[in-house]
Amino acid sequence: MYKSLLSFFVIGLLVLPVLTGCGKKAEQAALTSDTSAVKVAIEPATGSPAYPDAKLTIVSPAEGQVIKNEKDSVHVVMQVSGTMLAVPTDADSTRGIAYSKQGQHVHVIIDDKPYMADYKNGEPFNVGVLAPGMHTVRAFPSYSWHESIKSANSFAAHTFYIGAKTDSKSMTDLHGPLLTYSRPKGTYVGSDGKKVLLDFYVANASLAPDGYKVKLWIDTTTMTDIVKWQPYFITGLSNGKHTVKLQLVDAKGNAVPGDYNTVNQSIEIQ
């Protein structure tokens, strides 16, 4: 009996340092994991080629046009000059982020829906059947990697109607300060989710530290205000669903009125 207890005691002394060591290693591993966690960050994306002569015109529907047949799909026609559609952007056509293998295209936004990509210059583009009433179409050309081309005449917006012209309660002024959300959009798989493009179009206003700004939230985190109109990269997004929120504000930090000047977009990283 005495020998058994002595043996148990000795074994316990030998095992105790090992268990203690394992505990320390586990604690160190946990600390390392916590302290090395990747945080979401925003960085400027520079170096895109300039297309100063890029111009977009919405040929159809015309401003104020009434499309009578409510059951038919609506087709829009965009005319682009100063750059080419359906060809890779001159220079790096990927920028190391999600991109279109079909090349440059027009981002076509109907009301507050995510954009659709139009690759055919001057040809009808089907945007689907729309509900009766007032609608807006906003559009601008983009590089292969979905960044908007920000020349003086590359953005256009029209109001049109389905069925009949109606009195609208919309607060949107297409000739006033206007924010148009573009990216990120949809689902990003694999390496495409490591660096995600944040891009938007600002019309009829200039961003500045003492002027208009774009407020940015990623999920529940308030990011630094954007005071320079240019594309950005988002890094550090974890796998799963995320929400990106943009809001155009004036020099006093007040939200600029308008149906599109505050926007939420859901994306997913896989």
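Author: Let us begin with a polar contact, a pair of N or O atoms within 3.5 Å; within protein, one must be able to donate a hydrogen and the other to accept it, and residues adjacent in sequence count only if both atoms are side-chain atoms. Here the side chains of glutamine 104 and threonine 89 are joined by such a contact of 3.0 Å. The glutamine 104 side chain also reaches the backbone oxygen of methionine 84, at 2.5 Å. This is a predicted model, in which local features need pLDDT of at least 70 and side-chain atom pairs count only at pLDDT 80 or more, while totals for chains, interfaces and linings use all residues. Residues are numbered from 1 along each chain as its sequence is written, and side-chain values use heavy atoms, with hydrogens and water left out.

Reader: Where is glutamine 104 placed, and is glutamine 104 buried or exposed?

Author: Buried means under 20% relative accessible area, exposed over 50%, and partly exposed in between (1.4 Å probe, protein chains only). Glutamine 104 has 2% relative accessibility and therefore counts as buried. Its place is in the loop between strand S4 (74–81) and S5; strands (E, at least two residues) are DSSP runs, numbered from the N terminus. Contact means heavy atoms within 4.5 Å. Leaving aside neighbours within four places in sequence, glutamine 104 is in contact with residues including Tyr51, Tyr119 and Tyr143.

Reader: How is a pair of aromatic rings described?

Author: Such a pair is described by the distance of the centres and the angle of the planes. Rings of Phe, Tyr and Trp (its six-membered ring) pair if their centres lie within 6.5 Å; planes under 30 degrees apart count as stacked, over 60 as edge-to-face and the rest as tilted. Five aromatic pairs are found in the structure. In one of them, the rings of tyrosine 51 and tyrosine 143 have centres 5.7 Å apart and planes at 35°, so this pair is tilted. The two residues are 92 residues apart in the chain, and both tyrosine 51 and tyrosine 143 are buried. For tyrosine 201 and tryptophan 229, the centres are 4.7 Å apart and the planes at 70°, so the pair is edge-to-face. Tyrosine 201 belongs to strand S12, whereas tryptophan 229 lies in the loop between strand S14 (221–222) and S15. Tryptophan 229, at 27% relative accessibility, counts as partly exposed.

Reader: Which residues have the most contacts inside the largest nonpolar core?

Author: A nonpolar core is a set of buried Ala, Val, Leu, Ile, Met, Phe, Trp, Tyr and Cys residues joined through side-chain atoms within 4.5 Å. The largest has 25 residues, and those with the most contacts inside it are Leu198, Phe200, Val214, Leu216, Ile226 and Leu246. Strand S12 gives four residues, the largest share of this core. Eight of the nine residues of S12 are buried, so S12 is largely enclosed by the rest of the structure.

Reader: In which sense does S12 pair with S10, and with S15?

Author: Two strands pair if DSSP finds at least two bridges between them. The pairing of S10 and S12 is antiparallel, over five bridges; phenylalanine 200 in S12 is the bridge partner of tyrosine 181. S12 and S15 are likewise antiparallel, over four bridges, and leucine 198 stands opposite tyrosine 232 in S15.
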